[in-house]
Each structure stands twice: as structure tokens, then as C-alpha cells.
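Here's a quick briefing on charged side-chain pairs. Take a look at the structure first.

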Amino acid sequence: MAHSFASPHSTNLQNDIALDASTVIVLDFETTGLSPNQGDRAIEIGAVKLRNGIVVERFQELMNPGFRVSGFIESYTGISNQMLSSAAPCDEVMDQFADFIADYNMVAHNASFDQRFLDAELNAIGRGYNGQFACSMLIARRLYQEAPNHKLGSLISYKQIKHDGVFHRALADSEMTADLWLAMLDDLKQDHCIENAEFRLMQTITKQSKANIFRFLSNYSN
């Protein structure tokens with residue numbers, strides 16, 4: 001039987017995955033509706049893997065939920081029933097995605113939505129994950145209080161992040177969310193002197209009040 005031993009490089013990577021906010025997986029689901037508890041399923045998953053702030057891998061797959069999606073969802077996402085008819089079933093795609101996640105922490109815009117579907121789809125095939133979630137929308141609400149609103153598209157415009165104009169497709173949305181995430185990390189560095197922000201700091205930011213957030217960041221950076 002072959003045995004593998006962790007090299008110093010792999011140990012450093014494991015530490016980065018656990019701690020570093022710039023080493024994460026940013027993901028987005030397109031779905032048949034709002035709640036897996038009501039029988040809704042995922043129909044597309046898109047994700048980018050960031051390592052030290054650099055995109056090192058992408059994942060994108062349509063998945064067949066086993067039933068026809070509504071005309072509203074077809075129009076909203078641009079994903080047709082014809083496209084889904086030739087897609088792999090959810091269990092096959094999600095098994096591959098569980099391997100892609102590995103031990104990475106995860107980021108999503110309105111993360112509670114994506115986490116619900118990730119949990120439901122992985123539970124259905126007996127898979128799980130070890131990482132934790134952070135929500136770019138909740139962080140943006142605290143850092144960018146003067147933004148007109150905190151929808152992904154509005155924040156992309158507010159931060160003047162370049163994009164190709166595609167929204168509500170999973171890979172495009174995950175790539176824009178990744179760009180927003182990196183912009184927030186850069187603003188923490190430039191505006192609050194927080195170098196190499198840890199993932200747990202990003203999670204903690206979401207729990208601060210809007211009135212207290214800048215005092216918290218000032219004390220954190222001292």
C-alpha cells in the first residue's frame with residue numbers, strides 16, 4: 001500500500017486554506033427556485049478557486065434536476081430546458097464539485113442562499129465539506145455603506161470592476177464575486193492597514209454593526 005506524506009509546501013497550503021482570506025473558493029448556484037426545502041434543485045454551479053488572490057482553477061457545469069424548469073427561470077438565467085436535457089444529473093455534478101471544494105473555505109454573494117443549496121445537494125449524495133462560509137454581501141454592507149444598494153451588479157458598478165455584462169450565470173457571477181472579494185481585501189489593506197486578512201476576520205466583519213465597523217477595524221489594525 002502506498003503512503004503519502006505532507007511536504008512543507010503542502011502544509012503551508014493547508015494553513016493558507018484554513019486562514020488566508022485570499023485563498024478561497026468563490027461559488028454561485030443557479031437554481032429552479034428559492035428553497036431546497038420546497039423541492040427546488042440546482043441547475044448550474046460555477047466557482048473559481050483563489051490561491052493567494054490568484055485564480056488557479058475554475059469549475060462550471062449545468063446539471064439536470066430531473067424535471068422541467070419554469071419559463072421564469074429560463075428567462076431569468078438564460079438556461080433552457082433544452083440545455084438541461086443533455087446535462088449530467090445533479091448527483092454526478094455535485095460529486096465532482098465536492099472533490100473540487102476539498103478543504104477550502106467558501107465565499108458567495110448572499111451566501112445563505114448558496115449554502116442551503118450546497119448543503120442540500122451534497123446531503124443527497126452523502127458528501128460534505130470541511131470549510132466555512134463567508135458572505136461578500138454582508139461584508140459589503142458594512143464596508144460600503146454609501147453604495148446605492150448591495151446587489152452584486154450594483155457593487156460591481158460602484159467599485160468600477162470590469163465585467164462582460166453577463167449576470168445570473170453561475171461562472172460569470174462567481175468571477176465577479178471573486179473580483180469584489182479581492183477588492184474588499186485590498187480596501188482593508190489600503191484603508192485600514194490590515195495586511196493579509198484572515199478568513200475569520202471577514203466572517204467577524206459580518207457580525208459587526210454598521211455603526212461600529214470602522215472603530216472595530218481601527219482597533220483590529222493597531
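Predicted model: local features only at pLDDT ≥ 70, side-chain atom pairs only at ≥ 80, totals over all residues.

Residues are numbered from 1 along each chain as its sequence is written, and side-chain values use heavy atoms, with hydrogens and water left out.

**Overall count**
- Searching the whole structure turns up nine salt bridges (a side-chain nitrogen of Lys or Arg within 4 Å of a carboxyl oxygen of Asp or Glu).

**Lysine 49 and glutamate 57**
- These two form a salt bridge, with the closest N and O atoms 3.5 Å apart.
- Lysine 49 is buried at 8% relative accessibility, while glutamate 57 is partly exposed at 37% (buried is under 20% relative accessible area, exposed over 50%, partly exposed in between, with a 1.4 Å probe and protein chains only).

**Arginine 127 and aspartate 95**
- Their side chains meet in a salt bridge at 2.5 Å, N to O.
- This pair links distant parts of the chain, 32 residues apart: arginine 127 sits in the loop between helix H5 (111-124) and strand S5 (133-135), and aspartate 95 in helix H4 (residues 90-101). Helices (H or I, at least four residues) and strands (E, at least two) are DSSP runs, numbered from the N terminus.
- Salt bridges with shared partners join Asp95, Asp99 and Arg127 into one network.

**Aspartate 187 and lysine 159**
- The side chains of aspartate 187 and lysine 159 meet in a salt bridge at 2.7 Å, N to O.
- Aspartate 187 is buried at 16%; lysine 159 is partly exposed at 25%.
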